[in-house]
Amino acid sequence: MAEAKTVNLTSPDRVLYPDDGITKGDLFAYYQDVAPTLVPHLRDRPFTMKRYPHGIDGEVFFQKQAPKHLPEWIPTRQFRTWPREGGSRLVDFALVNSTEAVLFMVQNNCIDMNAWYSRVDKPDRPDFVLFDLDPPDDGFELVIEVAHLIRELLDEVELSGYVKTSGADGIHVVAPIVRRATFEQTYAFAERASRLLEQRHPGKVTTEWLKKKRQGVLVDHRQNGHGKTIASVYSVRPKPGAPVSTPLHWDELNADVRPRDFTMQVALERIERLGDLFEPVLKDPRPLAAAAKKLERLGSDV
């Protein structure tokens, strides 16, 4: 007989956000409500557990290998990974393909949901190019301006760009692509685009990795790599107020926007009112090769 899909929440009163009094039970309730919208964005993507057993101010650790107590109804897929310390190892990654699988992760002290850019049937073919915008100190208004510059560049090369708050301090712009390009190709595209923006808008856009040398917003193309993860859309983040990585219409992204404004309650209300603004990321991919050729021509014109 198949094991029933049930997740028993323990320690619901454990406070995960000390300054806000937000508990594990609050997080569990949010993810239960948001899961029908969230799961399509996680489905069939190798999942990394980022665990906060003592709340957002305590120790955090990453766990790629599915835990021994993973229920049978949560599938796994094995892939080889190359840890920073050298060598390689085979890892059984959990796949978060159901509401109950999301809740299992919350029960196991995951706050944000981190999954690959690719799916298990084509692990070497990402679904999107990511532009991860990291603001200078007190420079969020500039991040908003740069996000719009990225959108304009994507328009020039005929890719669609979709924007979400990271929920932390930055913004993510996602360009969904047909699953033909490799991670090397998405990395090269993101690097070329970022450097072109840096040339066009000196002082506003930088690709400089060292913070002390930066002028402007870091557009981090390095996030486009095999096995990289980002906090999924609708993830709660480990920041004061429990902000959620929230998708926006481009015309909403104005100087007044602040990531911390998008709480769990606000995220759910927006889904109720607007639906899933990131649904096109799953359903409207564009070919990268044609965009890459257009980008190369634009770069040669600078």
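This report walks through helix packing, strand pairing and a few single residues in a predicted model.

## Helix 1 against helix 2

Start with the helix pair. Helix 1 covers residues 24-42 and helix 2 covers residues 99-107. Their axes come within 8 Å and cross at roughly 140°. Angles over 145 degrees would count as roughly antiparallel. Helix 1 and helix 2 are therefore oblique to each other. The crossing of helix 1 past helix 2 is right-handed.

Which residues of helix 1 and helix 2 make the contact? Helix 1 contributes Lys24, Leu27, Phe28, Tyr31, Gln32, Ala35, Pro36, Leu38, Val39 and Leu42. Helix 2 contributes Thr99, Val102, Leu103, Val106 and Gln107. Sorted by class, this contact has eleven nonpolar, three polar and one charged residues.

An α-helix has 3.6 residues a turn, so residues three or four places apart point the same way. Leu27, Tyr31, Ala35 and Leu38 are among the contact residues on helix 1. On helix 2, Thr99, Val102 and Val106 are among them.

Helix 2 is mostly covered, with seven of its nine residues buried. The buried residues are Ala101, Val102, Leu103, Phe104, Met105, Val106 and Gln107. Val102, Leu103, Val106 and Gln107 are buried, and these residues also take part in the contact with helix 1. The cover over the buried residues of helix 2 includes helix 1, strand 3 (46-51) and strand 6 (89-95). Just after helix 2, Asn109 has a positive phi of about 70°.

Strand 3 is one of the elements covering helix 2. Is strand 3 itself enclosed or open? Six of the six residues of strand 3 are buried, so it is largely enclosed by the rest of the structure.

In a regular strand the side chains alternate between the two faces of the sheet. Both faces of strand 3 are covered. Pro46, Thr48 and Lys50 are buried on one side. Phe47, Met49 and Arg51 are buried on the other.

Strand 3 pairs with strand 6, strand 7 and strand 4, as the table sets out.

| Strand 7 (residues 114-116) | antiparallel | two | Thr48 and Asn114 |

Strand 8 (residues 128-134) and strand 12 (residues 217-220) are antiparallel and share three bridges. Within this pair, Asp132 has Asp220 of strand 12 as its bridge partner.

## Single residues

Two residues other than glycine take positive phi values. Phi of Ser11 is near 50°. Ser11 sits in the segment before strand 1 (15-17) and is partly exposed, with a relative accessible area of 33%. Phi of Ala242 is near 55°. Ala242 lies in the loop between strand 13 (229-231) and strand 14, and it counts as buried at 0% relative accessibility.

Ser232 belongs to the loop between strand 13 and strand 14. Ser232 is buried, with a relative accessible area of 9%. Beyond residues up to four places away in sequence, Ser232 touches Leu38, His41, Leu42, Met113, Lys164 and Ser245. Leu38 and Leu42 also belong to the contact of helix 1 with helix 2.

Asp276 is in the loop between helix 5 (264-274) and helix 6 (279-283). Is Asp276 buried or exposed? Its relative accessible area is 19%, and buried means under 20%, so Asp276 is buried. Setting aside neighbours within four places in sequence, Asp276 contacts Thr37, His41 and Tyr234. Asp276 and Thr37 are 239 residues apart in sequence, yet their C-alpha atoms are 6.7 Å apart in space. His41 is in contact with Asp276 and is also touched by Ser232.

Notes:
Residues numbered from 1 in each chain as written. Predicted model: local features only at pLDDT ≥ 70, side-chain atom pairs only at ≥ 80, totals over all residues. Heavy atoms only, no water. Axes fitted to C-alpha atoms, helices over the stretch in contact; angles between N-to-C directions. Helix = DSSP H or I, 4+ residues; strand = E, 2+ residues; numbered from the N terminus. Parallel < 35°, antiparallel > 145°, perpendicular 65-115°, else oblique. Left-handed = near helix turned anticlockwise from the far one by under 90°. Contact = heavy atoms within 4.5 Å. Nonpolar A, V, L, I, M, F, W, Y, C, P; charged D, E, K, R; others polar. Pairing = 2+ DSSP bridges. Buried < 20%, exposed > 50% of the residue type's maximum accessible area, 1.4 Å probe, protein only.
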